[in-house]
Amino acid sequence: MAPVKVFGPAMSTNVARVTLFLEEVGAEYEVVNIDFNTMEHKSPEHLARNPFGQIPAFQDGDLLLWESRAISKYVLRKYKTDGVDLLREGNLEEAAMVDVWTEVEAHTYNPALSPIVYQCLINPMMRGIPTDEKVVAESLEKLKKVLEVYEARLSKHSYLAGDFVSFSDLNHFPYTFYFMATPHAALFDSYPHVKAWWERLMARPAVKKIAATMVPPKA
C-alpha cells in the first residue's frame with residue numbers, strides 16, 4: 001500500500017500536527033513540500049487538493065482532505081489500535097472531555113499563544129516585519145489567564161482530558177514548541193503543573209521526532 005501524502009513544509013505548525021499523529025500511530029507517510037515563495041499553494045494542482053489554497057493537504061489513495069485537526073482525526077480513526085487510542089471514542093465521557101479540551105486548544109489557547117509566535121519569530125525572522133510589542137503584551141496577558149485554568153486542571157489530572165494522554169494534549173504541541181523558542185518561554189515556569197505536562201509531551205518519541213523537523217527561527 002502506498003504511503004499517505006501530506007502536502008506542505010515540514011516546519012509548518014499545521015503540517016507538524018498531522019505528521020505527529022502519523023508518527024504516533026506508526027503509519028507510513030510522505031511529506032511533499034509546497035513552496036510558498038513561488039505561490040505553489042495557489043497553483044491549480046494544489047487548489048485541487050485544498051480549495052482554500054492553504055496547507056496542509058492530505059491524500060490517501062483517492063481521498064483528499066484538508067484542515068489539520070480533521071486530517072489528524074482521520075489518521076487516528078484509520079490506524080486505531082489498543083495501544084494508540086488518542087480519541088477515546090470507546091468511552092463516551094472520556095471522548096467528550098477530549099472534545100472539550102480540543103475546542104479549548106483551538107479557540108482559547110491557540111488564539112492567545114500564536115500571536116506571540118508570529119510577532120517574536122515568524123514576522124521578524126521570516127517576513128522582515130518588526131515585532132509589535134503591544135500585540136505581544138496583550139497576548140501574554142490573555143495567555144496568562146488561559147494558563148491559570150490549565151494549571152488548575154493539571155493539578156488534578158496528568159493530562160487535560162483526564163489521566164491519559166489524548167488528541168487534545170498533543171494538538172498543543174506545534175505552536176507551543178515554537179513559543180518555547182521565543183523570549184517569553186519562561187512564562188511556563190510560573191505554572192509548574194503546566195510545565196510538567198509540557199515536559200511529558202516533549203518526552204514522547206513521536207514528539208521528539210517531529211520536533212527535529214521543526215527548527216525554529218532564532219528570536
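Helices and strands here are DSSP runs, numbered from the N terminus. With that in hand, welcome to a predicted model whose chain is assigned domain 1 (4-79) and domain 2 (92-210). A nonpolar core of 64 residues, the largest one, lies between these domains, because both give residues to it.

**Domains and the core between them**
- The centres of domain 1 and domain 2, taken over C-alpha atoms, are 22 Å apart.
- Across the boundary, 14 residues of domain 1 are in contact with 16 residues of domain 2.
- Within the largest nonpolar core, Leu143, Tyr150, Phe173 and Trp197 have the most contacts.
- Helix H4 (residues 92-127) is the element that gives the most to this core, with 11 residues.
- Leaving aside residues up to four places away in sequence, Phe173 touches Leu20, Trp198, Met202, Val207, Ile210, Ala211 and Met214.
- As background, nonpolar side chains in soluble globular proteins tend to be buried together.

**Helix H4 from start to end**
- At the start of H4, the backbone nitrogen of Glu93 has a side-chain oxygen of Asn91 within 3.1 Å.
- Further along, H4 has a kink of about 55° at Asn110, shortly before the proline Pro111.
- The end C-alpha atoms of H4 span only 45 Å, whereas a straight helix of 36 residues would span 52 Å.
- Just after H4 comes Gly128, with a positive phi of about 70°.

- Look for His46 in helix H2 (residues 44-47).
- His46 counts as buried because its relative accessible area is 0%, and buried means under 20%.
- The His46 side chain reaches the backbone oxygen of Gln54 at 2.7 Å.
- Not counting residues up to four places away in sequence, His46 touches Phe7, Ile34, Glu40, His41, Gly53, Gln54, Ile55 and Ala57.

**Backbone details in the loops**
- Most residues other than glycine have a negative phi, and most peptide bonds are trans.
- Met39, in the loop between strand E2 (29-32) and H2, has a positive phi of about 60° although it is not a glycine.
- Met39 is partly exposed, with a relative accessible area of 47%.
- Arg88, likewise not a glycine, has a positive phi of about 55° and lies in the loop between helix H3 (68-78) and H4.
- The peptide bond from Ile55 to Pro56 is cis, with omega near 0°, and Pro56 is found in the loop between H2 and strand E3 (57-60).

Definitions and conventions:
Residues are numbered from 1 along each chain as its sequence is written. This is a predicted model: local features need pLDDT of at least 70, side-chain atom pairs count only at pLDDT 80 or more; totals for chains, interfaces and linings use all residues. Side-chain values use heavy atoms; hydrogens and water are left out. A nonpolar core is a set of buried Ala, Val, Leu, Ile, Met, Phe, Trp, Tyr and Cys residues joined through side-chain atoms within 4.5 Å. Buried means under 20% relative accessible area, exposed over 50%, partly exposed in between (1.4 Å probe, protein chains only). Helices (H or I, at least four residues) and strands (E, at least two) are DSSP runs, numbered from the N terminus. Domain bounds come from an automatic or database domain assignment. Contact means heavy atoms within 4.5 Å. The expected span of a helix is 1.5 Å times one less than its number of residues. The bend at a residue is the angle between axes fitted to the seven residues ending there and the seven starting there. A polar contact is a pair of N or O atoms within 3.5 Å; within protein, one must be able to donate a hydrogen and the other to accept it, and residues adjacent in sequence count only if both atoms are side-chain atoms.
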